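Trainee: I have a new model to go through, and I would like to talk about its interfaces and a few local details. Could you take me through it?

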Amino acid sequence: MTLTATSFDWVRQLVHRESAIVLQPGKEYLVEARLLPMAQQRGLRGVSELVDSVRLRPDAATTRRIVEALTTNETSWFRDGDPFTALTGTVLPALAADRRADERLSVWSAACSSGQEPYTIAMLVSDALPDAARRISITATDLSRQMVERTRAGRFSQLEVNRGLPASMLVRHFTRTGSEWEISPALRRMVTATECNLAAPLPRMGPFDVVYLRNVLIYFDLATKQAILRRVRELMRPDGWLFLGAAETTLGVDDDWERVALGRGSAYRPRKGN
Amino acid sequence: MTAAAVQEPITGLLDAATVLAVADDVWTSLVGDGEVLVPLPLPAPAETVSAWVQITGPWCGAVVVSCAEATAEALTGCLLRARPPAVLEPEDVEDALGELANVLGGNVKAVLPGPSALGLPQAGPNPPAARPGDLCRVDAQWRGQFLTITVQGATGAPHAERTR
Amino acid sequence: MRALVIDDSRAMRRIVGGILADLGYEVRPAGHGREALDVLEEGSRTGWLPDLACVDWNMPVMDGLQFVSAVRSNPAYRSMSLMMVTTESETGQIVRALAAGAHEYVIKPFTPDAMRDKLALLGLLPQAVAR
């Protein structure tokens, strides 16, 4: 171990402050294992030296990388399946019927994490539509630069592809590279990933036909939730569809949305006349 | 010599970082959430136990896990977590260490040129010898205890001629 | 719900069996494919047929691939879902298992969450647990 008790404590407080995740005492080895490569990359002997150097010269980029290295969590493919079943079952057919055949449909995965959600969408639409690559474009955004880079790379660990990705889709859409799995180039080309902070004014994007904004609102207070929903609505087509997380709703937050039951779940559409 | 008659040294096919990446996945998921192998060497204990699996294909060799007996027992306890048997028998420890070698071996095999076959895990104090110099080893520690993972060419495998 | 857990490692039988038992499954273990077929034959007589079989690939006596083929060729076992749980992880191996009739494939190592995700795909996650 190269990690001192003081350094561990500093890391613990940092991670708690930035991510609300609590590193219990006893997780020293986890901190050591996750941060040692970062320390060695910088030519430092150990993790405590890394901590010392950041404390001496605070640097937002390194601080963020430390937090990210300790808070990565696996996301499932097809997480809460309903919003995906609804996409190919209801939403895309409805949109396609209202659009010209040469019009592109635009989907936004607004908190894409390491890419499972945008690539789940890409796999589904490419299985459902013969000319998916021409008809659909997928924009993936995340607050974290590291997550955006991971989404762009389209590479996933063994543990990540084990999480809810049907085996038939794994062998059809991925190839093994070393200890990881890489999404097919055709699907990767359908996804454009960029950094985006939903809690700040949004860059010029869209207009989107479908938006996945799942498990994001839960982290914000009411005023920020309202601001995010308003900004998202401004980037959507009037007949677009919004999917929220299973525990989230616009009800009681923003009245400019209409809730539509879809299968066992629901979607939200901009209310007409706004 | 013909290409089929020679075997490339393991270091040309695999690096320690890949073995560690595989081990990382195994530790987090099988040994326990938050459990990690730290790639810092420790002096070897006087006696170690090992478990290994053979890989047979374009590349022939073995994946060997070695640690102290007490470490193997602790690993077994972690693997079985909430479901330990009433009494931990030596067979349980051999079996658990063997399963670790099996899971590491299968994932290492997937990185090597194939198709190849994975043998059934074996355990004991004396793992098979490596072809001299033909090994890729991760010297690591788990909870501050010595543990190594070695991917090694089989002694019977023919050497690749060193060109130049 | 009933499950048959087939693996030559007793640790792995406990791990997989434990995850399933926590979900409310009634679990029976088998150490290899032949032993598992015996459990099924006996079960056809006594009325104990599983909804799910989790099966390792590399085992003595009869391996998982042979077991999957044997089960799929017997119409009496048609309603049983077959999930490979193995460290074999090359694309070609997964394709072989699916072609032989496996319904899903979990690569070792896996977390309990990964197992639950795959059961959900098969519609075999008890409703009380499914979100």
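Trainee: How much area do chain C and chain B bury between them?

Mentor: Before the answer, note that this is a predicted model, where local features need pLDDT of at least 70 and side-chain atom pairs count only at pLDDT 80 or more, while totals for chains, interfaces and linings use all residues. Residues are numbered from 1 along each chain as its sequence is written, chains are lettered from A and ligands numbered from 1 in the order in which they are written, and side-chain values use heavy atoms, with hydrogens and water left out. Buried area is the accessible area (1.4 Å probe) that two parts lose on being put together, summed over both. With 54% of it on carbon and sulfur atoms, the area buried between chain C and chain B is about 2,000 Å².

Trainee: Which three residues of chain C supply 30% of the area that chain C buries against chain B?

Mentor: The contact (heavy atoms within 4.5 Å) takes 24 residues from chain C and 23 residues from chain B. The three that supply more than any other three residues of chain C are Arg10(C), Arg14(C) and Pro109(C).

Trainee: How many salt bridges does the rule find across the interface of chain C and chain B?

Mentor: A salt bridge is a side-chain nitrogen of Lys or Arg within 4 Å of a carboxyl oxygen of Asp or Glu. The side chains of Asp92(B) and Arg10(C) meet in one, at 3.0 Å from N to O. Across the interface of chain C and chain B, the count is five.

Trainee: Which helix gives the most to the side of chain A that touches chain B?

Mentor: In this interface, 15 residues of chain A are in contact with 19 residues of chain B, and the count of salt bridges is zero. Helices here are DSSP runs (H or I, at least four residues), strands are runs of E with at least two, and both are numbered from the N terminus. The elements that give two or more residues to the chain A side are helix H2 (28-41) and helix H9 (158-161) of chain A. With six residues, the one that gives the most is H2(A).

Trainee: Is His173(A) buried or exposed?

Mentor: The place of His173(A) is in helix H10 (residues 167-173) of chain A. Leaving aside neighbours within four places in sequence, His173(A) is in contact with residues including Met123(A), Asp127(A) and Glu182(A). The cut-offs are under 20% relative accessible area for buried, over 50% for exposed and in between for partly exposed (1.4 Å probe, protein chains only). His173(A) has a relative accessible area of 8%, so this residue is buried.

Trainee: What is the phi of Arg143(B)?

Mentor: Arg143(B) sits in the loop between strand E5 (130-142) and strand E6 (145-154) of chain B. Arg143(B) is partly exposed, with a relative accessible area of 39%. Its phi is a positive value in a residue other than glycine, near 50°.

Trainee: Which residue does a cis peptide bond join to Gly114(B)?

Mentor: The bond has an omega of about 0°.

Trainee: What distance separates the centres of domain 1 of chain A and domain 2 of chain A?

Mentor: Chain A is divided into domain 1 (5-71) and domain 2 (82-270), with bounds that come from an automatic or database domain assignment. Taken over C-alpha atoms, the separation of the centres is 32 Å.
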